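Me: I would like to learn how to read a few features of a structure like this one, taking them one after another. Could we go through them together?

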Amino acid sequence: MAHGSSGEGRLRRLARELAKFGAVGGAGLLVNLGVFNFVRHVTDLQVVRASVIATVVAIAFNYVGFRYFTYRDRGKSGRTKEMSLFLLFSAVGLVIENGLLFLATYGFGWDSPLQSNVFKFLGIGIATLFRFWSYRTWVFKAMPRQGTVVGESRMTAAEAAAKQRVG
């Protein structure tokens, strides 16, 4: 029965994490689409260039939301490494997101404002799946829970964090 409780707790934590990630991501989606359409409206930039600008603005917005809301309970040491990994995986997401828009626009000639927004939205959706996996796996790693068994011994979360920094 304890095993089921542990599984239920893990499921609850994952659901909470998904909800927080979704809240930040939803706000980031609005920022991304808003900046994209604003830039397209007030400049003569090509669609993919406008999209890249919007994606970069959304990445900055999302980092703040993820670090200080979604993953605020995760380890705070190694911010340089965290930021580097975040930027690396965000850049991959940027390529996924804007690659789809590029393909639709220049490969198929679908470049009306509606088509651009549809493919921008689809690209964001696909890139979001990658970002969720990569951020939680590599960037904002979960710290071991209090009393987590590591090898043969039990250690506190603080001891595990210190060991992780050293190793």
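Me: Is Leu14 buried, partly exposed or exposed?

Reply: The idea is to compare the relative accessible area with two cut-offs, since buried means under 20% and exposed means over 50%. In this predicted model, Leu14 has a relative accessible area of 31%, so it counts as partly exposed. The residue is found in helix 1, and, leaving aside its neighbours within four places in sequence, Leu14 is in contact with Phe132 and Arg136.

Me: Which residues touch the most other members of the largest nonpolar core?

Reply: That core has 14 residues, and those touching the most other members are Phe21, Phe66, Tyr71, Phe86, Tyr135, Val139 and Phe140. Two or more residues come from each of helix 1 (2-42), helix 2 (47-70), helix 3 (79-107) and helix 4 (113-139), with helix 3 giving the most, namely four residues. Apart from this core lies another, of nine residues, among them Val39, Ala50, Ala54 and Ala104.

Me: What does Phe86 touch, not counting residues up to four places away in sequence?

Reply: Phe86 touches Ile59, Asn62, Tyr63, Phe66, Tyr135, Val139 and Phe140. Phe86 is also one of the buried residues of helix 3, which include Glu82, Leu85, Phe89, Ser90, Gly93 and Leu94 as well.

Me: How are helix 2 and helix 4 packed, in terms of angle and distance?

Reply: Two packed helices are described by the angle between their axes and by the distance between those axes. Here helix 2 and helix 4 pack at about 35°, with their axes 12 Å apart, and helix 2 passes helix 4 in a right-handed crossing. On the helix 2 side, Val47, Ser51, Ala54, Thr55 and Phe66 take part, meeting Ser116, Lys120, Arg131 and Tyr135 in helix 4.

Me: Where does pLDDT stay under 50?

Reply: It stays under 50 over residues 148-155, for which the model has 11 contacts beyond four places in sequence. Over the chain, the average pLDDT is 86, and 81% of the residues score at least 70.

Note on methods:
Residues are numbered from 1 along each chain as its sequence is written. This is a predicted model: local features need pLDDT of at least 70, side-chain atom pairs count only at pLDDT 80 or more; totals for chains, interfaces and linings use all residues. Side-chain values use heavy atoms; hydrogens and water are left out. A nonpolar core is a set of buried Ala, Val, Leu, Ile, Met, Phe, Trp, Tyr and Cys residues joined through side-chain atoms within 4.5 Å. Buried means under 20% relative accessible area, exposed over 50%, partly exposed in between (1.4 Å probe, protein chains only). Contact means heavy atoms within 4.5 Å. pLDDT is the predictor's confidence in each residue, from 0 to 100. Axes are lines fitted to C-alpha atoms, for helices over the stretch in contact, and angles run from 0 to 180 degrees between N-to-C directions. A crossing is left-handed if the near helix is turned anticlockwise from the far one by less than a right angle, and right-handed if clockwise.
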